[in-house]
Amino acid sequence: MLDLHITDDHGFDRIITVKPRQLLVFERLTGIPFSKMEDDGVSMAQLYQLAHIAMRVHHSETPAELAEFELRYDVMPVGDGETDASDPGRAAA
């Protein structure tokens with residue numbers, strides 16, 4: 001699935017794996033199919049919304065409101081901008 005590196009200014013630093021159920025919740029909330037995000041790219045707003053959904057499952061201290069989550073955490077996809085040497089087609093994607 002999708003791994004997200006989530007940090008904050010107070011020492012929180014984890015890799016969170018977004019599971020299929022969390023993608024389903026995201027799709028239902030936004031109306032955006034995950035396949036479209038893969039084809040068209042992911043906006044930061046979409047990435048934060050997806051991270052917020054996943055974090056609410058994985059981390060009990062996650063703020064209930066997305067706006068508060070956005071103020072507290074930094075989110076980056078794992079592997080963003082990196083090339084996987086074992087898959088030459090990945091660099092072009």
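**View 1. What covers helix α3 in this predicted model.** The buried residues of α3 are covered by elements that include β1, β2 (13-18), α1 (20-30), α2 (34-40), α4 (66-72) and β3 (73-77). Here helices (H or I, at least four residues) and strands (E, at least two) are DSSP runs, numbered from the N terminus. Contact, used throughout these views, means heavy atoms within 4.5 Å. Buried stands for under 20% relative accessible area, exposed for over 50%, and partly exposed for what lies in between (1.4 Å probe, protein chains only). In α3, the buried residues are Gln 46, Leu 47, Tyr 48, Leu 50, Ala 51, His 52, Ile 53, Ala 54 and Met 55. How far apart are the end C-alpha atoms of α3? They are 20 Å apart, which agrees with the 21 Å that its 15 residues (44-58) should span at 1.5 Å a residue; the expected span is 1.5 Å times one less than the number of residues.

A word on reading the views: this is a predicted model, in which local features need pLDDT of at least 70 and side-chain atom pairs count only at pLDDT 80 or more, while totals for chains, interfaces and linings use all residues. Residues are numbered from 1 along each chain as its sequence is written, and side-chain values use heavy atoms, with hydrogens and water left out.

View 2. Gln 22, Leu 23 and Phe 26 are buried in α1. They cover an arc of only 100° around the axis, so they sit on the same side of α1; the arc is that of the directions from the helix axis to the C-beta atoms. An α-helix has 3.6 residues a turn, so residues three or four places apart point the same way. On the other side of α1, look for Pro 20, Arg 21 and Arg 28, which are exposed. The buried residues of α1 pack against β2, α2 and α3. Just after α1 comes Gly 31, with a positive phi of about 75°.

**View 3. The largest nonpolar core and Phe 69.** A nonpolar core is a set of buried Ala, Val, Leu, Ile, Met, Phe, Trp, Tyr and Cys residues joined through side-chain atoms within 4.5 Å. Of the 19 residues in the largest one, Leu 4, Ile 6, Met 55, Phe 69 and Val 75 touch the most other members. At least two residues of this core come from each of β1, β2, α1, α2, α3 and β3, and α3 gives the most, with seven residues. Leaving aside neighbours within four places in sequence, Phe 69 is in contact with Tyr 48, Ala 51, His 52, Met 55, Thr 62, Pro 63 and Val 75.

**View 4. Thr 7 in strand β1.** Thr 7 lies in β1 (residues 2-8). Is Thr 7 buried or exposed? Thr 7 counts as buried because its relative accessible area is 19%. Beyond neighbours within four places in sequence, Thr 7 is in contact with Phe 12, Asp 13, Arg 72, Tyr 73 and Asp 74.

**View 5. Lys 19 in the loop between β2 and α1.** With a relative accessible area of 36%, Lys 19 is partly exposed. Lys 19 and Met 1 are 18 residues apart in sequence, and their C-alpha atoms are 6.4 Å apart in space. Neighbours within four places aside, Lys 19 is in contact with Met 1 and His 58.
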